[in-house]
Amino acid sequence: MSTPHVVVVMGVAGTGKTTIGPLLAAGLGVPYAEGDDFHPAANIAKMSAGTPLDDSDRWPWLDAIGQWAHGRAGLGGVVSSSALKRSYRDRLRAGAPGVVFLHLTGDRQLIERRMADRKGHFMPTALLDSQFATLQPLQEDETGVAVDVSGTPEEISARAVGALRRLENQGSTP
């Protein structure tokens, strides 16, 4: 992308936000921030116990991500955030109006299998159904692209870079 945008890599747990985010950032030549690092300890404890977060848990987390994204405005960056609901993405845009969303999408069985295979992550597969139930895909008036998560991380990242470049060429990015 010729103009450095801040890209929010979004999607349900297990889609590969933490894997694809750094690859995307490297491909775009911008820094990466892990969205999970913005969670307060209470949120991590709640999710580790298998309890989904509610909106009051998410607002401070989204605000912290939005502050980081705002600080990268004009410089570019990539940050991960599930951003499952439109209201969450609206909150991120309120803090950082120029963000672009990359929605990682995929088959539930593939995502569940990947979640079961990963080690040391606080999000249990038991919460995957609540993630899909909460998910509100990007709407036409939201700047972003959706990319399927089948294939290798390198293939997914390459598709993401291509989709973001096409979006920019269409003049749809701020």
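This is a predicted model: local features need pLDDT of at least 70, side-chain atom pairs count only at pLDDT 80 or more; totals for chains, interfaces and linings use all residues.
**View 1. Salt bridge between Arg 58 and Asp 55 within helix α3**. The closest N and O atoms of Arg 58 and Asp 55 are 3.8 Å apart. Both residues belong to helix α3 (residues 55-71), where they are three residues apart, about one turn of the helix. Arg 58 has 10% relative accessibility and so counts as buried. Asp 55, with 26% relative accessibility, counts as partly exposed.

**View 2. Salt bridge between Asp 55 and Lys 85**. Asp 55 also pairs with Lys 85, with 3.7 Å between the closest N and O atoms. Because Asp 55 lies in helix α3 and Lys 85 in the loop between β3 (77-80) and α4 (86-95), the pair ties together parts that are 30 residues apart in sequence. Lys 85 counts as partly exposed, at 23% relative accessibility.

**View 3. Salt bridge between Arg 89 and Glu 142**. The side chains of Arg 89 and Glu 142 meet at 2.7 Å, N to O. Arg 89 and Glu 142 are both buried.

**View 4. Network of salt bridges that includes Arg 89 and Glu 142**. Through shared partners, salt bridges join Arg 86, Arg 89, Asp 90, Arg 93, Asp 141 and Glu 142 into one network.

Key
Residues are numbered from 1 along each chain as its sequence is written. Side-chain values use heavy atoms; hydrogens and water are left out. A salt bridge is a side-chain nitrogen of Lys or Arg within 4 Å of a carboxyl oxygen of Asp or Glu. Helices (H or I, at least four residues) and strands (E, at least two) are DSSP runs, numbered from the N terminus. Buried means under 20% relative accessible area, exposed over 50%, partly exposed in between (1.4 Å probe, protein chains only).
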